[in-house]
Amino acid sequence: MSETTIDPAAFRKVLGSYPTGVCVITALDGEKPAGMVVGSFTSVSLDPPLVGFFPDKSSSSWPLIEKAGHFCVNVMGSDQQDVCRSVSAKGDEKFVGVEYVVSDHNLPIIRDAIACIECKLYSVTEAGDHWFVLGQVLRMETVREDDPMLFHRGRYGGFAERM
Ligand SMILES: Cc1cc2nc3c(=O)[nH]c(=O)nc-3n(C[C@H](O)[C@H](O)[C@H](O)COP(=O)(O)O)c2cc1C
């Protein structure tokens, strides 16, 4: 069976037709927060309660989160563009100006995230140039009933209902 060649630019363009929500995955690296923005977050299983996302193998933040063995999924509200821009940047200044509290599970919870889902690392599976990460939910909370941040073709936006 021959493998079809897929042009990377076409792959990005076609897959970019599909919008995503925006979450910040956080953990503690010693005393310091580590984090990355993901659009690949998804709910996976109810029994056991599992959620997942796909970190790029080139991510410098993912190994810190993996080492922590726990992570928090902070679901971004449509008014949290500053947090998304800051945490998606590479380097040591991701959390400058980002307010958070540390939970009983020792996880940074970002202020005003619309929901937070605290997880224990369940599995990490190779998936091409990404990892497929599953977390088992330890605690979850809807913090506020506001609209989520959405991401589409490189732009942040909000939800608009069609009547
Ligand atoms: C809206 C949005 C969604 C993203 N989704 C993912 C994702 O699902 N997986 C991933 O590895 N990186 C994703 N990124 C990129 C990371 O947030 C981050 O820029 C990257 O991990 C670089 O930082 P790091 O080296 O600290 O990990 C996304 C970025 C944005 C802005």
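**Figure 1. Aromatic pairs in the predicted model.** Five aromatic pairs are found in a search of the whole structure; rings of Phe, Tyr and Trp (its six-membered ring) pair if their centres lie within 6.5 Å, with planes under 30 degrees apart counted as stacked, over 60 as edge-to-face and the rest as tilted. The pair of Phe53 and Phe71 is edge-to-face, because the ring centres are 5.3 Å apart and the planes stand at 85°. This pair links distant parts of the chain, 18 residues apart: Phe53 belongs to strand E5 (residues 50–53) and Phe71 to strand E6 (residues 70–75). Strands are DSSP runs of at least two residues, numbered from the N terminus.

This is a predicted model, in which local features need pLDDT of at least 70 and side-chain atom pairs count only at pLDDT 80 or more, while totals for chains, interfaces and linings use all residues. Residues are numbered from 1 along each chain as its sequence is written, and side-chain values use heavy atoms, with hydrogens and water left out.

Figure 2. Polar contacts are pairs of N or O atoms within 3.5 Å. An N or O atom in the side chain of Ser60 lies 2.5 Å from an oxygen atom of the ligand. A backbone N or O atom of Gly39 is 2.9 Å from a ligand nitrogen atom, and a polar backbone atom of Phe54 is 2.9 Å from a nitrogen atom of the ligand.

**Figure 3. The shell around the ligand.** Among the 16 residues around the ligand, Ser40, Ser59, Ser60, Ser61 and Lys90 come nearest; a residue is near if one of its heavy atoms lies within 4 Å. Strand E3 (residues 32–38) gives the largest share of this shell, three residues.

How values were computed: Polar contact = N/O pair within 3.5 Å; in protein donor to acceptor, adjacent residues only side chain to side chain. Helix = DSSP H or I, 4+ residues; strand = E, 2+ residues; numbered from the N terminus.
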